[in-house]
Amino acid sequence: MFTKASVFFASILILLVSSVLTQTPARERDLLIRDVTVLDPASEPIRPFQASVLIRQGRIVFIGSKSGLKGANAARVIDGRGRYLIPGLIDSHTHLANVAGLNRGLAKRHSDLVREYRRQLPRSYLYFGYTTVIDVNVHSPEILEQIKEAPVRPEVLTCGQQVEVLNGFMMAETPPEERLNEFPRFLHDRFNPKAVLPIGLDPRGHTPAAVVRTVTEVQGGQCLKMAHENGFGGTEDVTCEMPSKEIVRKVALEAEKVGVPLMLHASSFESQKFALDTGVDIIAHGMWHWGDISEYLEVTELPADHRALLKRIADAGTGYQPTFRVIAGQRDVFVDDFLANPALPHVYPRRMLEWLSTEEGRWQERNIKKYAKGFFDGKSNAEIAAFMQLMVDKIGISAKVIADSDGFLLFGTDTPSSNAHTNPPGLNGFLEMQEWQKAGISLEALLKAATISNARAFGIESNVGSVRPGMRADLLLLRNDPLKDLSAYDSIDFVIKNGRAFERAAFSAAK
Ligand SMILES: [Zn+2]
């Protein structure tokens, strides 16, 4: 169905672009997608329309009726009838240097598995339609460079190394003698009386402005990330240093000056309140801790204070990444047939998949039990999974408030969280989408979150996130309608990257 406005809009486009077509001779590598149903997430609401789409030199140059295509002579034509064209997906929370399934020690012991995994990594993202991924904490620029050497790969954005106050969240997990080496550019929190700069260090190298400059100019960061972690729902004493509100506000101001968004790891009620008070741009993680686990685990009704806070976050337009898969991935460690998921052989190399079912490969199970300090003793896997589900439900209930309040939902998976094999690259996005749907978030809100909203939040919307002339041709051709059926995201016929169309199977690890 066309409204008058969209017909008008479409004819303007035809007029504008038909002159381009007659002026520029057709190139050998032009790609024409004929008679496809276009879904442009940048339109409000998304209104599907039939059109033909011409792609030249990696960009969309024309969207309109066949009559507007006179003079176009594409080398490759794809029949789009009965298919849906959407922008390539964006995952705005990944950790590309971490291996899903192997922690640091295991990765050292099985360097052959790691090599195969890394070769497949960009392909696994493409297999599930992710043409842009945002790495929010690089501790290994070399690995990012390796990924960038792949002949076809998603676009990679980075937030550089996480900005840490002295002895902050990540820094505190590093042995004391290695901390200054691993985090040479830590932030000096001059508002925290306990934060004493080590002797011999120049405070000028550790101000908000200096730290922001390091990330954006030295590390090439297009975003910044900080953390506020107040003790994992009371399961741990906070032994790390927490940033003060004042210092986070200063970093937010410096980030704004250089035009990059500041993300804050915040997964509890308290931390998300802190995030709103400090004016960060994006909250990384859903609210899975409503308070101490001992008090809130069985609570299923969102407390009024929490609801009010989430509404204020939505009204403030703060970006909100629920990242269900952080907790749902831990749950799935205890779901016995997880490794039987038929999509896994497409994203994990065969040898790695085989290793994951060995005793050694099942280290996650032992690790989580050890971390729970006896709490899970004597419980069956199904009981542990049910426990985790109660926390997943809290993410869903909170995220639904953001959605219902028309908040700025952003799609991110945190792949791989805790090096979990249950966060498989690419596939984890499809699993994350299933959690959004279970939480009652609409398919339209999901499509926007994974495309145009992520693009806007990270300042790349003039290149990606919508289907419009001038955009980079990072597109997906789907067999099912993503506004009607979530399975659409697993019905990819073609992944189009920089204007080149690839059959999905070309990216499978099984190939
Ligand atoms: Zn993360």
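Predicted model: local features only at pLDDT ≥ 70, side-chain atom pairs only at ≥ 80, totals over all residues.
Helix H10 covers residues 304–316. Its 13 residues reach 18 Å from the first C-alpha to the last, close to the 18 Å expected at 1.5 Å a residue. Four residues of this helix are buried: His-306, Leu-309, Leu-310 and Ile-313. Seen down the axis of H10, these buried residues fall within an arc of 100°, so they line one face of the helix. On the other side of H10, the exposed residues are Ala-304, Ala-308 and Asp-315. The buried residues are covered by elements that include helix H8 (269–278) and helix H15 (381–404). Two strands also belong to that cover, E11 (282–284) and E12 (319–321). After the helix comes Gly-317, which has a positive phi, near 75°.

H10 and H15 pack at an angle of about 45°, and their axes are 8 Å apart. That angle makes H10 oblique to H15. The contact involves Arg-307, Leu-310, Lys-311, Ile-313 and Ala-314 on the H10 side. On the H15 side, Ser-398, Val-401 and Ile-402 take part. Leu-310 and Ile-313 are among the buried residues of H10, and both are also in this contact. The crossing of these two helices is right-handed.

Helix H15 also packs with H11, a helix made of residues 325–333. Here the angle is about 165° and the axes lie 9 Å apart. H11 is therefore roughly antiparallel to H15. This crossing is left-handed, whereas that of H10 and H15 is right-handed. From H11, the residues that meet H15 are Ile-327, Ala-328, Gln-330 and Arg-331. Their partners in H15 are Ala-385, Met-388, Gln-389, Met-391, Val-392 and Ile-395.

How many of the residues of H11 are buried? The helix is mostly covered, with nine of its nine residues buried. Among them are Arg-325 and Val-326 as well as Asp-332 and Val-333. The four residues that meet H15, namely Ile-327, Ala-328, Gln-330 and Arg-331, are likewise buried. The cover over H11 includes helix H14 (363–371), together with H15 and H16.

Helix H16 spans residues 427–438, and Lys-438 lies in it. Is Lys-438 buried or partly exposed? It has 14 C-beta neighbours inside 10 Å, so it counts as partly exposed. Lys-438 is 42 residues from Gly-396 in sequence, while the two C-alpha atoms are 7.8 Å apart in space.

The last stop is Val-260, which sits in the loop between helix H7 (245–258) and strand E10 (262–265). Although Val-260 is in a loop, it counts as buried because it has 21 C-beta neighbours inside 10 Å. Which residues is Val-260 in contact with, leaving aside its neighbours within four places in sequence? They are Thr-216, Gly-221, Gln-222, Cys-223, Leu-224 and Ala-255. One of these, Cys-223, is 37 residues away from Val-260 in sequence. In space, the C-alpha atoms of Cys-223 and Val-260 are 5.0 Å apart.

Terms used:
Residues numbered from 1 in each chain as written. Expected span 1.5 Å × (residues − 1). Buried ≥ 20, exposed ≤ 12 C-beta atoms within 10 Å, placed from the backbone. Arc of directions from axis to C-beta. Contact = placed C-beta atoms within 7 Å. Axes fitted to C-alpha atoms, helices over the stretch in contact; angles between N-to-C directions. Parallel < 35°, antiparallel > 145°, perpendicular 65-115°, else oblique. Left-handed = near helix turned anticlockwise from the far one by under 90°.
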